[in-house]
Amino acid sequence: DGALGLNAGDSIGALMAVGRMGMGLLFFAVLMFATGKVDVFKKLKLTPAIALGGLMIGMSLACYVTSTLLTTISNAVLFIYIGPVVCVLLARIFRKEPMSVLQWVCLAAVFVGMLFGNNLIGVDFNLVPSTPEFPQKGIGDAFGLASGFFYGASMFFNGYRKDADTTARGVWNFLFAVIGAGAITIVLNSMG
């Protein structure tokens, strides 16, 4: 019953994200051993970008799954898909990556196209804080928005370490993703 608060089972979404990221960690570790890349992993310098990329994707998935339990799927999907827009804006602000007028127009077109593609332009999309079906809809929308921000931030941070071995970086990314999703789970379980 969503009316009972976040301790009423809605935190199960974040816990599911911990499991998903934990399986990613497990399989990347198996892949690392199977392909003989343990030495590559040991030599890879853990950077803030690698850690933050993993942390952000874990937090994104935890917030997204929680959002799907508290709001409409349309809203949850819309909000997580702001991630690429967030990534582009972060790259423009912090990396000073240039964008032409045409690229800005294309970014806007992609976002509007995503709205149409998810059937979100029309009667389906609304931001009311509560409905009979979703008594915590406003909180769900907020988690959806957070998932999109964290998703964009993850892509932004991962863009700094394209030179790193994929398997070795994957182990670190999923380790920090478990920590990020676990942090959201702990926060949700302490609320209610």
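# An all-helix chain, piece by piece

Let's start with Ala108: its relative accessible area is 42%, so this residue is partly exposed (buried is under 20%, exposed is over 50%, and partly exposed is in between, using a 1.4 Å probe and protein chains only). The model is a predicted one, where local features need pLDDT of at least 70 and side-chain atom pairs count only at pLDDT 80 or more, while totals for chains, interfaces and linings use all residues. Residues are numbered from 1 along each chain as its sequence is written, and side-chain values use heavy atoms, with hydrogens and water left out.

**The overall picture**

- The protein chain has eight helices and zero strands (these are DSSP runs, H or I of at least four residues for helices and E of at least two for strands, numbered from the N terminus).
- Read from the N terminus on, the order of elements is simply α-α-α-α-α-α-α-α.
- The protein chain has 192 residues, and 42% of them count as buried.
- Take the contacts (heavy atoms within 4.5 Å) between residues at least 6 apart in sequence: 83% of them join residues at least 24 apart.
- The accessible surface of the protein chain is about 10100 Å², with 72% of that belonging to carbon and sulfur atoms (Shrake-Rupley method, 1.4 Å probe, and for residues only the protein chains shown count as cover).

**The nonpolar cores**

- The largest nonpolar core holds 20 residues, and Ala62, Phe156 and Ile184 touch the most other members (such a core is a set of buried Ala, Val, Leu, Ile, Met, Phe, Trp, Tyr and Cys residues joined through side-chain atoms within 4.5 Å).
- At least two residues of this core come from each of helix H1 (12-34), helix H3 (48-70), helix H5 (83-94), helix H7 (137-158) and helix H8 (166-190).
- Another core lies apart from that one; it has ten residues, among them Phe41, Leu44, Ala51 and Ala164.
- Back to Ile184: leaving out residues up to four places away in sequence, Ile184 touches Ala14, Met59, Ala62 and Cys63.

**Cysteines**

- Cys63 has 2% relative accessibility, so it counts as buried.
- Cys106 sits at 40% relative accessibility, so it counts as partly exposed.
- A search of the whole structure turns up zero disulfides (pairs of cysteine sulfur atoms within 2.5 Å).

**Helix H1**

- The 23 residues of H1 should span 33 Å at 1.5 Å a residue, and the end C-alpha atoms are 33 Å apart, which agrees (the expected span is 1.5 Å times one less than the number of residues).
- Gly13, Ala14, Ala17, Met21, Gly24 and Met32 are the buried residues of H1.
- The cover over those buried residues includes helix H2 (38-43), H3 and H8.
- After H1 comes Gly36, with a positive phi near 70°.

**Helix H8**

- H8 has 25 residues and reaches 35 Å from its first C-alpha to its last, close to the 36 Å expected at 1.5 Å a residue.
- The N-terminal end of H8 is capped by Asp165, with a side-chain oxygen 3.1 Å from the backbone nitrogen of Thr167 (a polar contact is a pair of N or O atoms within 3.5 Å; within protein, one must be able to donate a hydrogen and the other to accept it, and residues adjacent in sequence count only if both atoms are side-chain atoms).
- Thr185 is in helix H8, and its relative accessible area is 8%, so Thr185 is buried.
- A polar atom of the Thr185 side chain lies 2.9 Å from the backbone oxygen of Ala181.
- Thr185 is also in contact with Ala14, Leu15 and Val18, leaving aside neighbours within four places in sequence.

- Gly83 is in helix H5, and with 0% relative accessibility it counts as buried.
- Not counting residues up to four places away in sequence, Gly83 touches Gly148, Tyr151, Gly152 and Met155.
- Gly83 and Ala146 are 63 residues apart in sequence, and their C-alpha atoms are 9.5 Å apart in space.
- Lys96 is in the loop between H5 and H6, and its relative accessible area of 61% makes it exposed.
- Phi of Lys96 is near 60°, a positive value in a residue other than glycine.
- Ala108, our opening residue, has its place in helix H6 (residues 101-117).
- Ala108 and Val85 are 23 residues apart along the chain, with 8.8 Å separating their C-alpha atoms.
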